Amino acid sequence: MQIVRTRWQQLSKLYRSAWGRRLIVGGGGLLAVFVLINLVLGAVFWHRTYPNSRVGRQVVGSVSYNALTRKVAALPLLPTSVILQQANQNIKLTPRDLGIQVDSPRIASQGRKRAWLPLQNLFSRHDTPVYTAVNHAVLVQKLTTVAGQAEQASSNAHIILQNNQFVLADAVNGSQVDITGAVTAITRGIGQGRTVIKLPMTAIAPTVSAASLQSNLRQLQAGQAVSLSYTYNNKTSKPSAVDITSWYAQSGDSYSLQTGKIQTYINQLGTADGIRVQNLAQAVSATEQALQTAKTLAFTLVAVPPGVCANNALSQVVVVSISQQHMWACEGYNQVYDTAITSGAYLAGTPTPTGTWHIYAKQRNLVLRGPTWNDPVSYWLPFYTDYGFHDASWQTFPFGDPAYADQGSHGCVHLPTPAMAWLYGWSHVGTAVTISA
């Protein structure tokens, strides 16, 4: 109370002086003017924005709240186009292409905010961010399309041939657009008025690493250094490293031996020596094993002996000689089976036709019927009209006997039942048949 009494006494003394009275009256007048100005400004801008209002970088000025939404919608708040940067490619799109437009109602709502003192609002800037409305479905769909164009595929580690040597090409990471991060970057960048936006990328790891191919690489390199030799009649041939390399073909991320290429090489050796190689399959198999185990190989080639199958180039052929009453089965130039046969009784007017045909059917346990016969057979392999191979349990003279001339078949080729069973199992529809006199 003593302090209040003292202050009151000081004010009373001040007011009693002339200059004190002028000071108090003048201060009161200024306060009244200040209040009046704020009241007037508050009334004038009660439903209007202040002159220094902005949206983004655009000046809105003094606009009634009712017209503010239309004013904002008419402002060039978004860039006319935006460049999306990714990897080594730029894609130019409009905000509308990306499903982005100005959110005018939200901007207008935020633009009405102000300080409580009208005079302060007159001299301070009123900045409202550029709010955007985003159609996320459209944006994600467009980004998915862009991502497909921008994706850089990863490169697996792989073995390559370089100067006839197997070497390893290392893996390389790929990249793809980070859709979630791109949505954030685009919506934020366009709202800030940026015309160039760098899309965030994520790495795509390769599926095959260099480490996983090291063992295969060492095997290939060791195979190139293997010593191989092929001997026939005291003549030895050795393939070079370049020859060996030519036997491989790319297979996925590595190389693999090609059996056909090894066969071709060994066949050429036989041709150079004037022979056809009989043990070709064994030579190829031994070569492949030597290369896979990196072991030295010395292989002796064997010539195909003269015979029925010596000049055959087909995978399967049945050769029949009527004069010899014999049949041979050939796989290439290898004879795999032979048997005595009985052919048509030509003296009785039923010869076996000569020529080259193909087996066109395979049947079991049926009855062969004709004008004067009705014969059950266990195996039937027709090759030309009604002519075919079959067993003949009713035959009374030996197979291969000259008696076939007048006691033989009605034109078919008879085989002993065991031989017929073998031929039925070995042959297929399409197997060639050659019958000579």
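Helix α6 (residues 136–150) packs against helix α7 (residues 179–191) at an angle of about 115 degrees, and their axes lie 10 Å apart; the axes are lines fitted to C-alpha atoms over the stretch in contact, and angles run from 0 to 180 degrees between N-to-C directions. Helices (H or I, at least four residues) and strands (E, at least two) are DSSP runs numbered from the N terminus. The contact, defined as heavy atoms within 4.5 Å, is made by His-136, Leu-139, Val-140, Leu-143, Thr-144 and Ala-147 of α6 together with Ile-179, Ala-182, Val-183, Ile-186 and Thr-187 of α7. By class, this contact of α6 with α7 comprises 8 nonpolar, 3 polar and no charged residues, where Ala, Val, Leu, Ile, Met, Phe, Trp, Tyr, Cys and Pro count as nonpolar, Asp, Glu, Lys and Arg as charged, and the others, Gly among them, as polar.

The model is predicted, with local features requiring pLDDT of at least 70 and side-chain atom pairs counted only at pLDDT 80 or more, whereas totals for chains, interfaces and linings use all residues. Residues are numbered from 1 along each chain as its sequence is written, and side-chain values use heavy atoms, with hydrogens and water left out.

A search of the whole structure finds 3 cavities of 30 Å³ or more. On a 1 Å grid over the protein atoms alone, a cavity is a set of points where a 1.4 Å probe fits but cannot get out, a pocket is an open set with protein on both sides within 12 Å along at least five of seven lines, and lining residues have an atom within 4 Å of a point. Grid points are joined across faces, edges and corners, and a volume is the space filled by probe spheres set on the points. The largest cavity holds about 60 Å³ of space, and β1 (53–55), α3 (65–74), α4 (104–111) and β6 (126–128) each supply at least two residues of its lining, which divides into 6 nonpolar, 5 polar and 1 charged. The second largest cavity holds about 40 Å³; its lining has 2 nonpolar, 4 polar and 4 charged residues, including Arg-48, Arg-112, Lys-113 and Arg-114.

The largest pocket has a volume of about 400 Å³ and is lined by 19 residues, of which Trp-373, Asp-375, His-390, His-410 and Cys-412 lie nearest its centre. Strands β22 (363–369), β23 (374–384) and β24 (387–391) each supply at least two residues of the lining of this pocket, which has 7 nonpolar, 9 polar and 3 charged residues.

Most residues other than glycine have a negative phi.

Ser-237, in strand β14 (residues 235–237), is buried, with a relative accessible area of 17%, and touches Leu-228, Ser-229, Tyr-230 and Leu-269, not counting residues up to four places away in sequence. Tyr-255 of strand β16 (residues 254–257) is buried at 14% relative accessibility.

Technical notes:
Buried < 20%, exposed > 50% of the residue type's maximum accessible area, 1.4 Å probe, protein only.
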